[in-house]
Amino acid sequence: MSKKVIVPIGPQHPALKEPACFSLTLEGEKVLSAVVGVGYNHRGLEKSCESRSYIQSLYIIERVCGICSHSHSTCFLQCAEELAGVEITRRAAYIRVLMGELERLHSHLLWLGVAAHLIGFDTLFCYAWRDRELVLDLLADLGGNRVNYGINTPGGVRRDVTPEQIQDILSTMDILDKQLAYYVELALGDTVLAARLANVGKLSKEECIHFGAVGPTARAAEVNYDIRKVGPTAAYAEIPFNVITDTHADVFGRTVVRVLEMVESVKMVRYAVANMPDGDILVKFPRKVPAGEVVSRYEAPRGEDVHYVKANGSEHPERVRVRAPSEANWHGMAHMIEGDYLADAPLIIAAIDPCYSCTDRAFVLNNNNTGEQQVFDWKQLRQYSIDFYKKEHGFDASKIKIAEKKHF
Amino acid sequence: MALSLFNILIFPGFLFLGVYSLAFEYIDRIIYARMQNRQGPPWFQPLADFLKLVGKETIIPEDADKNIFKALPIFAMAAVTAAFLYVPITGVNSLFPFEGDLIVVLYLLTIPTLTFFLAGWMSSSLYSTIGAVRAMTQLFSYEVPLFMALLAPAILAGTWSLSGIAAYYHANPLWILVNIPAFLVAIVAIQGKLERLPFDMPEAETELCAGTFTEYSGRLLAIFRMAIDAELVVVAAIVAAVFFPIFVANAWLGFLIFVIKTLVVAFILAIFRSVMARIRIEQMVIFCWKYLTPVALLQIVINIVIKGVL
Amino acid sequence: MAYPGKITKFAMGHLSKAPATRAFPLGELIITPHFRGKLVLKADDCIGCGLCERDCPAYAIKVENRGTKENKDFHVTLNLAHCIFCCQCMDSCRKGCLSYTPNVQLAGFNKDDLIVDLTEEWKAAQAVSAEEAPAEEAAVDEAKPEE
C-alpha cells in the first residue's frame, strides 16, 4: 500500500502560464483525484465595462483574452450592434472573418507549441511558434498590434485591407499550407508523440455533453458543434468550410482537430480574400444605445464564446457578461485528469487551451435567511490579510504602507 | 609525483574536464538551437551561467540535513572527475590503466545518479522527492542495458580494461562492426543516464519544476550542473574509446582525434535530444526492459559465440 | 509510416539554414509599417475639444488649457504607462491631429519620464526642423505614416 501524497500544480508552476491551482492526489504516479482551483486572476472586467462607454468597453473586452481578443470584441460588438439596430457592411463582415480566421491560426499554432513544450518536444514548439510569428506579422500589419489588434469598432472595422496586404496574406498562406501539411504528417506519424498524446485525458461524447465542453475539446469527441455552422455571424454563412471532428476523444484527438482546423482556416482566409466585396467598412454607430438585452455567440479558437449585454438607453452598458470558452471547459477538467499519470496532468490541463484570467469572475453570495451579503470592502480585506499572516505565519504586516493610488 | 598531480589537476584531469565540459555544453546547446531554427546562445553562455550561479545566494531548506545537502554536489563532481582519469584520451592508454577499470568507471558514473536521488530525497520537497524516485526508477531501467552494451565489446576483446578494449579494436578495426547494435543501445541508454530528452523525467521542467534540483540554488546548483556537463564528456569519451577505435601514437594528434570523436558523439546525442518528446516514466521502463535489454543481451550472445569460434 | 523521431530529417535540414530568430538588442528592429507605436500630436490643428480624452479606455490622454479663457494654450499629455496603444483617440479626433509612429521602445528607468507632453514635444520637433536642413523634415515626415 503506497502512501498518498497531494501534489499542487500551481499557483506558481512552470507548466502554467497563469496562476491556477490543481491539487492532485497521487498514488505512486497515478492521479487518484484532482481539485481544480481557479480564481487567482479576477480583474473585474465586467464591472469596469459598466462605467465606460461602448467604445471604451470594447477595448476592455478585447483584453479579456490575450489570444482570442478578436473573438471577444466581435462577440461584444454583435450584441451592441443588435441593440443599436446597426448592420455592418459586407466588406466589414468579411474583414472580421478574415481577422477571426487569422486569429484561429495564431491561437492553434500557439497551442501546438505549448503542448509540444509540455511534453518536452521543444523542436516542434520552436517550429510552431516560428510559423505563428508569420501570422502575427500579418495581424500586426492588418490591425496595428500583435495580439490586441484593435481592428473592430462599433459599426464595422477601423482599417481597410489594401491590395499589398492581400498579397502578403496569400504568400504567407502558401508557406503555412506547406507547414501545416507537415504538422499533420508529423502528428499522425511520430510514434513518440502518439505515445504521449493518445489515451490521455479521455472525455467521451456523453461526458462532453454532460460537462458542457465546447470547441476542439468537444469536437475531438465527435460533437459536431461549431457556432460558425450552427449560428453563423458576420460572413461565416457565405464562406464554405468543414467542421472538423475526430473520434479519439483524447489529447491526440484534440491535436488532430486543431491541426486540421488550421488547414480549414487557411482555405477560409483564401476564400475571404478572393471574394471580398467592395464598399464601405464603417457605418455610423450611435453613442447612446437603446435599452434592451442581447445574447450573442461566436466561435473563438477555444470554443463557443457567449456575451450578454444589457443596455439602459445611456452611453454605458448596464450589465456585461462574458462567458469565455475556457469557463465551459473547466467543468470536465477534474474528470479528465483523474486516473491518468502525473506526467500527463500539465498536458491535459493545456489540452483545453485554458485561459485562466478570461474565466475568473467574482460572485456575491446572499444569505437567504438573514439577507446578509458577505462582501469585504478594501479596509476589511486588508485587515483580514493582516490577521491571516499573523495567525498562520507569525508575521506582522500591519506596518507595511500601501501606496496611494494615483492616476497622473 | 609532480607529473601525476599535473595530470590529475590540470590535464587531462579536473581543469581540462571543466573547460571541456563547458565547451561541450555550448556545442550541445548550439546544435539543439540550430535544429530548432533558433539563434542559440553565444559561446560564453555556459561559463556565464556557471559564474552567475556561483555568485547567487545558496538557500538550504530547513528540513534538509545541511552537511549532506552541501556534500552531495561535490560527491557527484568528484566521482565524474575520477572516472575521467581512467578514460583513454591522448592515445590507446588512459592515465592509470588497470585490468577492470571499465567496471570501475561504470560504477563511478552511477554515483552522480545516486547523488541526484539523495539530493532530491534530502530536499524534503514534494517535487524533488518525486523527481528522486523517478531518477531511481530510471536508474534501474537504463543501467542494465548500458552495462551490457559496454561489456559486449569487452567480451569480444577479452579484457575488462578500457585501454585494453581500445587496443584490441585498434588492432582489429573490422570487429567493431559487430558491435553496432551495442552502440545504438548505448546511445539510447546514455540519454537516460544523462537525464536528457526523451528520458528527462527526473527533472521534467513542466511537471516537476526542476525535479531533484528544485531546492538547490547558487553554488551548489552550479557544481551539480558542472557535474552533469562533465558526465556528458566522460560518457562521450567512453563511447568514443570503445566504439570508435581510431588511435595514433602522437599525443597531440591523438588528442585532436579524441576531440573529433567526442564531438561526433555529442552531435549524435544532440540530434537524439532534438527529435524526441519526453516519454512517461512507465513507458521508459517498458521500453528499456522490452526492447533495449533484449538487444543488448543478443549482442552479448553474438559476441560470446564469435569469441568461441575464434 | 509511423516511427519515432519522424522530425529528424526536417530538423536536420535546418542545420544549414539561417536561424529564424535574431539576437534582439543587436541589429535592426523590424516593425511592420502599420504598427501602432507612440502617438504624436500636430499641435497647430488641435482645438482642445477633448474627444480623445472622452474615448480613451485607459484614461491615458489628457487635454488641459494652461492659458486663459481668451488666450487658449492647450496641452495634451499622454501617460505612456497607461496607454494601451489602441489609437482610439486618433479615430475620435475630428481634426486628425493625432497620429502614431513606429516608435515602440519606450521603456525607461523613471516613472515620471513616461508622462509626456505631446504639445511640447511637437513644438520642440518644429524648432529642430526649422533650424536644420529640409532633408531632416522629410525624415520626420517619413516617421509619421498617414492612415
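In the predicted model, T25(A) has S33(A), a residue of β3(A), as its bridge partner. This pair belongs to the contact between β3(A) and strand β2 of chain A, residues 21-27, where 7 bridges link the two strands in antiparallel orientation. Both strands are part of an open sheet of 3 strands in chain A, with the order β1-β2-β3 and antiparallel pairing. The edges of the sheet are formed by β1 (4-9) and β3 (30-37) of chain A; each has a single partner strand, so one side of each lacks a neighbour in the sheet. From one strand to the next, the twist averages 20°. A helix of another chain, α6 of chain B (residues 126-157), lies across β1 and β2 of chain A and runs at about 115° to β1(A).

Over all chains, the structure holds 1 disulfide. This bond is formed by C355(A) and C358(A), with the sulfur atoms 2.5 Å apart. C355(A) counts as buried because its relative accessibility is 5%, under the 20% cut-off. C358(A), at 1% relative accessibility, is likewise buried.

Two further cysteines were examined. C68(A) takes part in no disulfide; its nearest cysteine sulfur belongs to C65(A) and is 3.3 Å away, whereas a disulfide requires sulfur atoms within 2.5 Å. C68(A) is buried, with a relative accessibility of 1%. C86(C) is also in no disulfide, and the nearest cysteine sulfur, that of C56(C), lies 6.2 Å away. With 7% relative accessibility, C86(C) counts as buried.

Notes:
Residues numbered from 1 in each chain as written. Chains lettered and ligands numbered in written order. Predicted model: local features only at pLDDT ≥ 70, side-chain atom pairs only at ≥ 80, totals over all residues. Heavy atoms only, no water. Buried < 20%, exposed > 50% of the residue type's maximum accessible area, 1.4 Å probe, protein only. Pairing = 2+ DSSP bridges. Helix = DSSP H or I, 4+ residues; strand = E, 2+ residues; numbered from the N terminus. Axes fitted to C-alpha atoms, helices over the stretch in contact; angles between N-to-C directions. Contact = heavy atoms within 4.5 Å.
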